[in-house]
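Colleague: Could you take me through one part of this model in detail, namely the place where the two chains meet, and then follow it into the elements behind it?

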Amino acid sequence: MVEKVIAGLPAWVHGRSERPARPEVVGEVVSGKTAQTGAVGTTEKTAARRRRKASTLGLTGVTGWLLYLVLPVAIVALWSLYGSAGQTQSYSMATPQQIVAAAVEYATDGELLINILVSFTRVLEGFLVALVAAAVLGVAAGISRRFERFIDLVMQVLRPIPGIAWIPLAILWFGIGENSKIYIIFIGAFFPMFVNIVDGIKGIDKRYFELGEVYEIPKWRFIRQVVIPAALPQILTGIRLGLSGAWICVVAAEMIGATSGVGFMLSDGRSMSRPDVVILAMLLIGVIGKLMDDVVEWQRRRIVKWL
Amino acid sequence: MTDDIIDIRHLTKVFHTDNGDVEALHDVTLNFPRGGFTSIIGPSGCGKSTLLRIIGGLDTDYDGEALMDGEPIPGPGRDKGFVFQDHRLLPWLSVRENIRFALPPEHKKDDGLIQSNIDLVGLTGFEDALPKQLSGGMSQRVAIARALANRPKILLLDEPFGALDAITKIKLQDQLLRIWQSEHITMVIVTHDIDEAVYLGQTVVVMKPHPGEIKRVEHIDLGWPRQRIGEAFNTAKDSIYQEFFATN
């Protein structure tokens, strides 16, 4: 409401001349229509408003990119200046230039790619096992209140135990090989996905059940064609959280008893007293984590195109 | 003896709430002639939607009898088309797939049947549109097409145009009447709009609240095609209007 009033003021009042003539009003009418009649449809309103807001706040185009990149560039620049002024000692801190050099060094002997691929494969294995388990248990708990009650206490108690806390037991059970790492990744990925699948299914619009009754839709077809798609936005949010959980856990698992992987690079760098390698590994973890998140989010938008 | 599709006898429905029992319907006796168009009108809380839901089989917990073709209504089903106030389309399915979703297995692949029902509600060209791309009126037409594609014996409409603007509402009312004429299908509409009740219904059932009871059943002859203006419409409307706001 306030926004609408502000938008209606002449441009000179709030000093924004680039705002289009009356977009707010058009948006209100269109979204009002869907909100009135739609079982699901309010997101359109907020999305449209967000887009408008993004353009007026200068979050798109060149200004948007500048705003996005200015902080990291400034950090790297200051860090370089600090480093070249001789303020850092090579055994405790590295300059950006040294990190780049380390990246080139590791990339040329192929170690960089191998470590990334090894970690990525482990993540994928643990994540996929977790996805299957979370899908089966989550759908079952989402549609059957009895089953939810049955597993609820165990899930509630296990959920707060972080993946790292499982490392000792995983090593006792599976040794220090691949299986213990995949188990820890599984733990990190499973719970966010399970919780979101259950919540997503339980939160679907109950009015769809009446629709299913009127059109005599068999139970399994109803689950497949109504329950799963209705819960899909939240299921995909769970998958996104699960993947980042898996990525966090692979690093933890690899720091203990591994001979390859990004987490190994991290602990290996420390034992070699090479801060450049340590920071390179940390940056890799961050960048890969962000990229994986972007891919899932991009897929989520592509799949959930009806919202 | 007329041929009635729906026969309701001494129907009483009580909702058990935390604040005690609420009698939503009290001793309702009513029948709907086959092929007829009946409007049920009344203020909110008069039990008109509850009555419609019982006919649709969505509510089977009541006292008295609710018969369809002489048999108790066992539950909801495709033979009793139900159009809700919200269109209740599945947002992830296109118009065509929303209709296909509701079809029985033997007609699932019948694209001709789906198309003819899309054409019937005047949405030719919108087959692949998603619900978010449709206006409220168009969505409600898809909901009607979805119900009709199942060849129901009766079409029950629960304030289907309540959320639409006046112009869209008038267009959809006319379209609904044309469909009623061409498809020879029994229709029952629940509404709180007197104009709508009088314009659409051959019979208008006026209900009153606390408890929900039938106040009056009015037969209306507006001829064909119906006129929204003129003597007949206004007389019928006035009479319902007075009944609606009468104090007793």
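**The interface of chain B and chain A**

Modeller: About 2,600 Å² is buried between chain B and chain A, with carbon and sulfur atoms giving 61% of that area; buried area here is the accessible area (1.4 Å probe) that two parts lose on being put together, summed over both. This is a predicted model, in which local features need pLDDT of at least 70 and side-chain atom pairs count only at pLDDT 80 or more, while totals for chains, interfaces and linings use all residues. Residues are numbered from 1 along each chain as its sequence is written, chains are lettered from A and ligands numbered from 1 in the order in which they are written, and side-chain values use heavy atoms, with hydrogens and water left out.

Of the area that chain B buries against chain A, 29% comes from Arg88(B), Trp92(B) and Phe101(B), more than from any other three residues. In terms of contact (heavy atoms within 4.5 Å), 29 residues of chain B meet 25 residues of chain A. Four salt bridges are counted between chain B and chain A, a salt bridge being a side-chain nitrogen of Lys or Arg within 4 Å of a carboxyl oxygen of Asp or Glu. The side chains of Glu210(A) and Arg53(B) form a salt bridge at 2.7 Å, N to O.

The elements of chain B that give two or more residues to the side touching chain A are E6, helix H2 (95–102) and H4, where helices (H or I, at least four residues) and strands (E, at least two) are DSSP runs, numbered from the N terminus. H4(B) gives the most to that side, with four residues.

Behind these elements lies a sheet of chain B, open and mixed in its pairing, with six strands in the order E6-E7-E8-E3-E9-E10; two strands pair if DSSP finds at least two bridges between them. Strand E6 (80–83) and strand E10 (213–219) of chain B each have a single partner strand, so they stand at the edges with one side left without a neighbour in the sheet. From one strand to the next the twist averages 15°, with axes fitted as lines to C-alpha atoms, for helices over the stretch in contact, and angles running from 0 to 180 degrees between N-to-C directions. Helix H4 (residues 136–148) of chain B packs on this sheet, where it touches E6 and E7 of chain B, and its direction makes about 170° with that of E6(B). Strand E7 (residues 154–158) of chain B pairs with strand E8 (residues 186–191) of chain B in the parallel sense over five bridges, and Leu155(B) stands opposite Met187(B) in E8(B).
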